[in-house]
Amino acid sequence: MSGETMRAWAVAAPGPVEEDPLRLVERPVPVPADDELLVRVRACGVCRTDLHVTEGDLPVRRPGVTPGHEVVGEVAGLGRGVSGFAPGDRVGVAWLRRTDGTCAYCARGAENLCPASRYTGWDADGGYAEYTTVPAAFAHRLPGEVDDVALAPLLCAGIIGFRALRRTSLPRGGRLGLYGFGGSAHLCAQVALAEGATVHVMTRGAAARALALELGAASAQGAHDPPPEPLDGAIMFAPAGDLVPVALRALDRGGVLSVAGIHLSDIPPLHYESDLFYEKELRSVTSNTREDARDFLAVAARHGVRATTHTYPLSRAPEALRDLKAGRFDGAAVLVNDLS
Ligand SMILES: [Zn+2]
Ligand SMILES: [Zn+2]
């Protein structure tokens, strides 16, 4: 591959997606480091974090970065130190790209908290391109029978939703509330339902509410509306801090609200008695471990979890981000590589 070039989307200067901060650039095909794989991108999911990277809600960690961390691709090259993969293998590239493996958090199995962690599509170039790279130890093997497009959203939206669900410590057969119903929530709902939970969805979009009911949710209502029964657990998928007190008030005694997103607008002042007393808990969710990813991919395969997808050619990535921001589709957007 050395000396060849590819096309990739780069965040020229972060700003509102309506002002075209993404540029299609010609770059050398990346050379994998000794412990990395070179991956030819086949499909790449569009995550809300890509929007945060592109618009500058997250600080710039690599100028001109290529977003995208839900990559389904095939191995196109191997670093000198890599074994266990072969050219043509189908692999997934997700958000967590690297940890140090040596700190106290890594040592206790909480590598998602590693201060040295690095992320695909933020610290390193991701999947909005013809090729990307991934450390082999962080590449995910993918089940053979599911197609690329259906798999891509599982790699971040799915994994994070799964971790957020586990962070609610939902009791068996518990009542779960989902605030917001996009890519991550609709996958999380499928896992929760398959595990016997009753699911209530609170979201503003009529199409998203319809999808929720179609997937088996017991109820679907507006984002600020109370669910029809108290909740044992809730997950905040909407990046809207003003919904946090709303969701806390919907919890039953001992209920847990986990916040799935990496970015949340400010939370208004909480009222201790109505929002937190009776041992309600508010928990954040920070990235995921590789174990979360493996567990989720196994659970998803077992229960036949499928993403509802809306595809765009990779050459029209900015349009996908604009549509995501405007809430113009339900389920998850996936870019399909039409550049190579
Ligand atoms: Zn660490
Ligand atoms: Zn993501």
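**Entry 1**

The model is a predicted one, in which local features need pLDDT of at least 70 and side-chain atom pairs count only at pLDDT 80 or more, while totals for chains, interfaces and linings use all residues. Residues are numbered from 1 along each chain as its sequence is written, and chains are lettered from A and ligands numbered from 1 in the order in which they are written.

S287 sits in the loop between β15 (281-284) and α9; here helices (H or I, at least four residues) and strands (E, at least two) are DSSP runs, numbered from the N terminus. I noted that the phi of S287 is near 50°, a positive value in a residue other than glycine.

S169 counts as partly exposed because it has 15 C-beta neighbours inside 10 Å.

**Entry 1: helices α4 and α9**

Which residues of α4 meet α9? I listed G158, I159, F162 and R163 on the α4 side, and D292, A293, F296 and A300 on the α9 side, a contact being two residues whose C-beta atoms, placed from the backbone, lie within 7 Å. By class, this contact has five nonpolar, one polar and two charged residues; Ala, Val, Leu, Ile, Met, Phe, Trp, Tyr, Cys and Pro count as nonpolar, Asp, Glu, Lys and Arg as charged, and the others, Gly among them, as polar.

The axes of α4 (residues 157-167) and α9 (residues 290-303) come within 9 Å and cross at roughly 100°, which means that α4 is roughly perpendicular to α9. The axes are lines fitted to C-alpha atoms, for helices over the stretch in contact, and the angles run from 0 to 180 degrees between N-to-C directions; angles under 35 degrees count as roughly parallel, over 145 as roughly antiparallel, 65 to 115 as roughly perpendicular and the rest as oblique.

**Entry 2: the two domains**

I read the protein chain as divided into domain 1 (5-155 + 308-336) and domain 2 (159-284), with bounds that come from an automatic or database domain assignment. The C-alpha centres of the two domains lie 27 Å apart, and 14 residues of domain 1 are in contact with 12 residues of domain 2. Helix α1 (residues 48-55) gives the most to the side of domain 1 that touches domain 2, with three residues. That side of domain 1 has six nonpolar, five polar and three charged residues.

**Entry 3: covered helices**

Is helix α5 mostly buried or mostly exposed? I found 10 of its 12 residues buried, among them H186, L187 and C188. Helix α5 (residues 183-194) reaches 18 Å from its first C-alpha to its last, close to the 16 Å expected at 1.5 Å a residue, the expected span being 1.5 Å times one less than the number of residues. After α5 comes G196, whose phi is positive, near 100°.

Helix α7 (residues 243-250) is also mostly covered, with six of its eight residues buried, namely L243, V244, V246, A247, L248 and A250. These buried residues of α7 pack against β10, β13 (231-236), β14 (251-259), α8 (272-276) and β15.

P67 lies in the loop between α1 and β4 (71-78) and is buried, with 28 other C-beta atoms within 10 Å. Not counting residues up to four places away in sequence, I found that P67 touches W9, V11, D50, V53, T54, G121, G126 and Y128.

Y119, in strand β7, counts as buried because it has 21 C-beta neighbours inside 10 Å. Leaving aside neighbours within four places in sequence, Y119 is in contact with H69, W95, L96 and R97; the C-alpha atoms of Y119 and W95, 24 residues apart along the chain, are separated by 5.3 Å.

A110, in the loop between α2 (104-107) and β7 (118-119), has 14 C-beta neighbours inside 10 Å and so counts as partly exposed. A110 and N288 are 178 residues apart in sequence and 8.4 Å apart in space, C-alpha to C-alpha.

Terms used
Buried ≥ 20, exposed ≤ 12 C-beta atoms within 10 Å, placed from the backbone.
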